[in-house]
Amino acid sequence: MAYQQILAPILQKETLAKRIFRFVVFGAPLAEVAQPGQFVHILPPMSTLRRPISICEIDKKQGTLTLVFEIKGEGTRALSQLNPGDTMNILGPLGHGFTLLPEAEHVVLVGGGIGNPPMLSLTNFYGKRATAICGFHSANIVMLQSEFQSTGAKTILCTDDGTVGRKGLVIQPLQEILESQKVDMIYACGPHIMLKCTAHAAQVFDVPCEVSLEERMGCGIGACLVCACELEQNGEKRTGHVCKDGPVFRAEEVVW
């Protein structure tokens with residue numbers, strides 16, 4: 001796993017929703033090799049512990065990465081206070097990304113909450129061949145919908161409380177699509193229970209599925225062994241690590 005550490009100038013900053021921020025940084029060495037599904041490890045100011053942030057968009061021509069994250073503690077709060085002209089201390093790109101299928105005719109992307117941003121780089125790749133199902137708790141945290149739509153993908157917005165889009169969980173439109181259409185691959189990122197339900201639906205309809213797991217991380221490169229997860233490969237269970245073996249896994253490998 002090749003990665004680099006750089007000081008990336010911040011080009012743009014935007015508040016997308018309550019406690020959720022989007023940053024565009026210039027990091028050509030990282031953007032050149034980054035793939036959808038990978039993440040970066042960012043060192044907040046006045047901190048010794050990096051925070052893992054999924055890559056939202058990759059612009060190899062412009063040499064930029066778009067990063068979207070939610071304030072969850074002091075580290076991400078410190079990151080949110082950076083501004084254009086400042087730099088981010090970034091280690092990356094890290095982990096294994098999603099498997100891209102250039103010949104696929106129809107893929108379904110399932111995102112839940114802050115698991116939606118990593119789906120955008122995939123949607124950029126597939127365009128009109130993708131259906132993006134985006135789930136949120138409520139209208140006040142919905143984000144990136146115009147960006148998903150601009151890719152040409154069919155988009156389905158769900159909220160738990162029905163304040164915008166379709167009321168209900170993302171698994172419902174996913175099942176409807178699987179019952180009525182041919183799907184070459186399902187990709188998913190979001191809460192554990194959403195990933196588990198998505199994996200089950202994929203198994204029932206015999207559709208390949210990849211999921212991006214989220215765990216607390218220390219080093220981000222497989223040295224500290226904090227982000228352990230249970231896997232089953234070739235009929236044997238083993239302990240894997242999200243930062244090094246993932247964060248993307250084949251759904252059937254994960255012990256749910």
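Predicted model: local features only at pLDDT ≥ 70, side-chain atom pairs only at ≥ 80, totals over all residues.
Some conventions come before the structure. Local features need pLDDT of at least 70, side-chain atom pairs count only at pLDDT 80 or more, and totals for chains, interfaces and linings use all residues. Residues are numbered from 1 along each chain as its sequence is written, and side-chain values use heavy atoms, with hydrogens and water left out. Helices (H or I, at least four residues) and strands (E, at least two) are DSSP runs, numbered from the N terminus.

I begin with the barrel. Six strands close into it in the order β1-β2-β5-β4-β3-β6, with antiparallel pairing; two strands pair if DSSP finds at least two bridges between them. From one strand to the next, the twist averages 45°. Axes here are lines fitted to C-alpha atoms, for helices over the stretch in contact, and angles run from 0 to 180 degrees between N-to-C directions.

Strand β1, residues 4-17, pairs with β6 in the antiparallel sense over six bridges. Along this pairing, glutamine 4 stands opposite glycine 92 of β6, and alanine 8 has methionine 88 as its bridge partner. Helix α3 packs on the sheet, where it touches β4 (51-59) and β5 (64-70), and its direction makes about 25° with that of β4. Contact means heavy atoms within 4.5 Å.

On its β2 side, β1 pairs with residues 20-26 in the antiparallel sense, again over six bridges. Alanine 17 stands opposite isoleucine 20 in β2. The hairpin of β1 and β2 has two residues between the strands, and arginine 19 takes a positive phi near 70° there.

I turn now to the aromatic residues. Rings of Phe, Tyr and Trp (its six-membered ring) pair if their centres lie within 6.5 Å; planes under 30 degrees apart count as stacked, over 60 as edge-to-face and the rest as tilted. The count by this rule is five aromatic pairs. Phenylalanine 98 and tyrosine 187 have ring centres 5.4 Å apart and planes at 85°, so this pair is edge-to-face. Phenylalanine 98 sits in the loop between β6 (87-94) and β7 (107-112), and tyrosine 187 in strand β11 (residues 185-189), so the pair links parts of the chain 89 residues apart.

Are these two residues buried or exposed? Phenylalanine 98 is buried at 6% relative accessibility, and tyrosine 187 is buried at 0%. Buried means under 20% relative accessible area, exposed over 50%, partly exposed in between (1.4 Å probe, protein chains only).

Tyrosine 187 also pairs with tyrosine 126: the centres are 5.9 Å apart and the planes at 35°, so this pair is tilted. Tyrosine 126 belongs to helix α3 (residues 117-126), so its pairing with β11 ties together parts 61 residues apart in sequence. Tyrosine 126 is buried as well, at 3%. Ring pairs link Phe98, Phe125, Tyr126 and Tyr187 into a cluster.

The next topic is a helix pair. Helix α5 (residues 171-180) and helix α6 (residues 192-204) pack at about 10°, with their axes 10 Å apart. They are therefore roughly parallel to each other, the word used for angles under 35 degrees, with over 145 roughly antiparallel, 65 to 115 roughly perpendicular and the rest oblique. Ile171, Leu174 and Leu178 in α5 meet Cys197, Thr198 and Ala201 in α6.

Finally, alanine 153 lies in the loop between α4 (145-150) and β9 (154-159). Alanine 153 is buried, at 8%. Beyond its neighbours within four places in sequence, its contacts are Thr123, Gly127, Lys128, Ala130 and Phe148.
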